[in-house]
Amino acid sequence: MKNPDNALANVFTTSHAFIIGINEYEHFSPLNNAVRDALGVADVLREPIHGYTVHPPLLNASASAVLDLVEQQMPALVGPGDRVLFYFAGHGVAQDSEQDGTPEGFILPRDARSDNTDHFISMVDLRKAFSQLSCRHFLLILDCCFSGAIRWGTSDKRSLRLFPKKIYQERFDRFVADPAWQVLTSSAYDQEALDGIVDKPLGTSRNAAKGHSPFALHFMEALRGKADLIPKEAPDGLITVTEVYLYIRNKVEKQTLALKGGFRQTPGLFQLPKHDKGEFLFLSPEILLNLPSFDPSLNPYNGLRSYEQADAANFFGRDQVVDKLSAFFAHRRFCVVAGASGTGKSSLVKAGLFPLLAKQGYVQMIMRPGTRPLEEMSVLTSGLTRNKTVLLIDQFEELVTQCHDPEERIAFLQEIDRLLGLESPLQVIVTIRADFEPQFMDGILSPHWSDARFAVPGFTTLELREIIQRPAVQRTILFDPPQLVDHILEDVQNAPGALPLL
């Protein structure tokens, strides 16, 4: 357990916050909430848990004032052991670049003119100025229209697919020790950003005031603890900028898509060229920082064993399939998880679905048919209550391959049929190899089978890459040489049933 007041203060000399908010424009329409957003963010960052030195916010600033801050004041104040957060709320515009036609973004100070771009401040120039800073961690936050245009000239959006599901102390140490240079934007390169949340359909006033812009509102919520999303089963008190991004994007996209008029606002997260293996971090005010150390005796790969619920933190590559299975299961009493051998059916249910059901309060029971399935079933179901319960009958094909008593097989299938007919909260899942399905589809369970079938897809290249890399990423292990990952992929990518080998 660490003291949340100094866990990050001990590794950075100073945490600087430079904040700009512009409502009053001389030649563009005024905004309602940019100044309020800037002051609100400043207040959050001053809280003891974050402990930023918040320099006097620039409000309704001119181009000369913004450039003086970026080019003169910041380099003089920032040192090598510092971290820096720069926040801008105001107008933004995008134009096609004269060089290659890609979108070029600009932030607009108070005195910007639509007929003269001299006072536009280029996002390219901002990046160049910031790159001169000597700090180890830097986070640029742009809450303005077309802010995603800054991605041109940066590294592409970071690979969220390789982010760990659980942060261990060793990963935290790497995050703070290595350079983290990242950009969080409120909108895509071709999108406007809402200045406020409207109460009526779009068309009259997209910028109707209601306290804060959606992006700023959810950014402040994120820093007050709501973005502590990893690990899913229990917050750890650490908020990475990746978690901040995921929280804000989920909120802002849903909020804007619910508005009429086809409006959409999509926040983004990108890397600047000086970024390495670090991650910009915040601490949660709700939970003491509690990061376990990785047990060096544990292999992050399960080998030939299927993944159990206890292995959920090391189960990778199937997030989208788990989400689809969860939605499928939610509306069915009976669920058949079918797929070819080697597609990870058992792991999908036990390490993917079951952790989600545990958070929903499900009582979970697991069995395999084996040689005496009816006896095992009777023991498990004898104490059924009115609580939500899920029964997993794993490797259902054992009813054929191991149970050689035809009468027992029939009685077992009849018992499943009887349980499904009860008015109870019991739901049943079976996992089965697809080549054994024909032996059950037309029998006792046929009335349930066709609508209950969830086909487990094969693995995409990206999923296979996750399975290889993410356990190592989580453990803070590197592949040497990096091309080793590609060699492993080549060995297994086109081999049916290669998952156990992988």
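**Notes on strands, salt bridges and pockets**

1. Arg113 counts as partly exposed, at 35% relative accessibility. Please keep in mind that this is a predicted model. Asp115 has a relative accessible area of 58%, so Asp115 is exposed, being over 50%. The side chains of Arg113 and Asp115 meet in a salt bridge, with an N to O distance of 3.1 Å. In general, side chains of opposite charge can pair when their charged atoms come close.

2. How many salt bridges does the model hold? The count comes to 21. Another of them joins the side chains of Asp451 and Arg332, at 3.7 Å from N to O. This pair links distant parts of the chain, 119 residues apart: Asp451 belongs to helix α13 (residues 446-452), while Arg332 is in the loop between α7 (319-329) and β13.

3. A further salt bridge brings together the side chains of Asp394 and Lys350, at 3.6 Å from N to O.

4. Elsewhere, salt bridges with shared partners tie Lys165, Asp319, Glu466 and Arg470 into one network. You will meet some of these residues again at the largest pocket, where Lys165, Asp319 and Arg470 are among the lining residues closest to the centre.

5. That largest pocket holds about 980 Å³ of space. Of its 33 lining residues, Lys165, Lys232, Leu246, Asp319 and Arg470 are the closest to the centre. Helices α6 (241-257), α7, α8 and α14 (461-475) each give two or more residues to the lining. Helix α8 provides the largest share, six residues. By residue class, the lining divides into 16 nonpolar, five polar and twelve charged.

6. The second largest pocket has a volume of about 730 Å³.

7. Strand β16 (residues 426-433) deserves a look of its own. Seven of its eight residues are buried, so the strand is mostly covered. Strand β13 (residues 334-339) runs parallel to β16 and is joined to it by six bridges, with Cys335 standing opposite Ile429. Strand β15 (residues 389-393) also pairs with β16 in the parallel sense, over five bridges; there, Val390 stands opposite Gln427. In a regular strand the side chains alternate between the two faces of the sheet.

8. A last point concerns the cysteines. The count of disulfides comes to zero. Among the cysteines, Cys135 is buried at 4% relative accessibility, and Cys403 is buried at 0%.

Conventions:
Residues numbered from 1 in each chain as written. Predicted model: local features only at pLDDT ≥ 70, side-chain atom pairs only at ≥ 80, totals over all residues. Heavy atoms only, no water. Buried < 20%, exposed > 50% of the residue type's maximum accessible area, 1.4 Å probe, protein only. Helix = DSSP H or I, 4+ residues; strand = E, 2+ residues; numbered from the N terminus. Pairing = 2+ DSSP bridges. Salt bridge = Lys/Arg side-chain N within 4 Å of Asp/Glu carboxyl O. Disulfide = S-S within 2.5 Å. 1 Å grid on protein atoms, 1.4 Å probe; cavity = no way out; pocket = protein on both sides within 12 Å on 5 of 7 lines; lining within 4 Å. Points joined across faces, edges and corners; volume = space filled by probe spheres on them. Nonpolar A, V, L, I, M, F, W, Y, C, P; charged D, E, K, R; others polar.
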